[in-house]
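Good morning, colleagues. I would ask you to look at the sequence and the structure together while I take you through two parts of the fold.

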Amino acid sequence: MLDISTLAQTDAAARDFARTLNAGDVVYLIGQMGTGKTTFTQSLARELGVSDYVNSPTFTLINEYPLDSFTLVHMDLYRIRVAGELIEMGLESVVNDHSIALIEWADLFPEALPTATITLTFDLKGHDERTLTITRH
Ligand SMILES: Nc1ncnc2c1ncn2[C@@H]1O[C@H](COP(=O)(O)OP(=O)(O)O)[C@@H](O)[C@H]1O
Ligand SMILES: [Mg+2]
């Protein structure tokens with residue numbers, strides 16, 4: 001379990017984690033609203049070479065960032081009400097061997113998603129004690 005209570009700790013943890021990723025990885029980001037999932041993803045994306053600003057995909061559901069050897073795919077399922085919407089999105093065309101997928105709120109629709117290779121669990125205790133647990137499957 002990592003202490004990511006400060007933004008600097010979150011940034012460092014995200015950059016370290018980014019360097020362990022490989023094309024084909026599917027990363028579930030689990031944790032309540034405001035625990036830092038998007039913030040972590042922003043640092044991770046910068047480390048992987050994304051120069052665009054990484055927005056929260058709360059409304060777009062899915063953002064794609066093409067890089068040299070894979071596409072970084074960032075999803076947020078919070079607003080998807082039925083798993084059918086996910087299947088209609090044609091996930092296999094965006095989450096595949098040529099992508100690294102980061103999926104916020106993946107626990108809402110596990111049956112409609114590719115299996116996670118790594119699960120990140122974010123916790124917030126009180127209002128400033130943040131932790132991250134990395135589980136590799
Ligand atoms: N380590 C941190 N220290 C302080 N504030 C943080 C930290 N991580 C995230 N935040 C802040 O918490 C808020 C919610 O973070 P966000 O990444 O959007 O959460 P989530 O995507 O899990 O809903 C943002 O205002 C963000 O700046
Ligand atoms: Mg978010």
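Let me begin with a definition: two strands are said to pair if DSSP finds at least two bridges between them. Please bear in mind that this is a predicted model.

I turn to strand S5, residues 99–104. How many bridges join strand S2 to S5? Strand S2, residues 26–30, is joined to S5 by four bridges, and the two run parallel. Within that pairing, Val 27 has Leu 102 of S5 as its bridge partner. Strand S4, residues 71–76, is joined to S5 by six bridges, again in a parallel arrangement. Here His 74 has Leu 102 as its bridge partner in S5. Between S4 and S5 the chain passes through helix H3, residues 83–88, and this β-α-β crossover is right-handed.

Is S5 mostly covered or uncovered? The strand is mostly covered, with six of its six residues buried. In a regular strand, side chains alternate between the two faces of the sheet. In S5, Ser 99, Ala 101 and Ile 103 point one way, while Ile 100, Leu 102 and Glu 104 point the other way, and all are buried.

My second topic is a helix pair. Helix H1, residues 7–18, packs against helix H2, residues 37–48, at an angle of about 50°, and their axes are 8 Å apart. An angle between 35 and 65 degrees counts as oblique, and H1 and H2 are therefore oblique to each other. Their crossing is right-handed. Residues making the contact include Ala 14 and Phe 17 of H1, and Phe 40 and Leu 44 of H2.

Note on methods
Residues are numbered from 1 along each chain as its sequence is written. Chains are lettered from A and ligands numbered from 1 in the order in which they are written. This is a predicted model: local features need pLDDT of at least 70, side-chain atom pairs count only at pLDDT 80 or more; totals for chains, interfaces and linings use all residues. A residue is buried if 20 or more other C-beta atoms lie within 10 Å of its own, exposed if 12 or fewer, and partly exposed in between; C-beta atoms are placed from the backbone. A crossover is right-handed if, with the strands pointing away from the viewer, the path from the first strand over the helix to the second runs clockwise. Axes are lines fitted to C-alpha atoms, for helices over the stretch in contact, and angles run from 0 to 180 degrees between N-to-C directions. Angles under 35 degrees count as roughly parallel, over 145 as roughly antiparallel, 65 to 115 as roughly perpendicular and the rest as oblique. A crossing is left-handed if the near helix is turned anticlockwise from the far one by less than a right angle, and right-handed if clockwise. Two residues are in contact if their C-beta atoms, placed from the backbone, lie within 7 Å.
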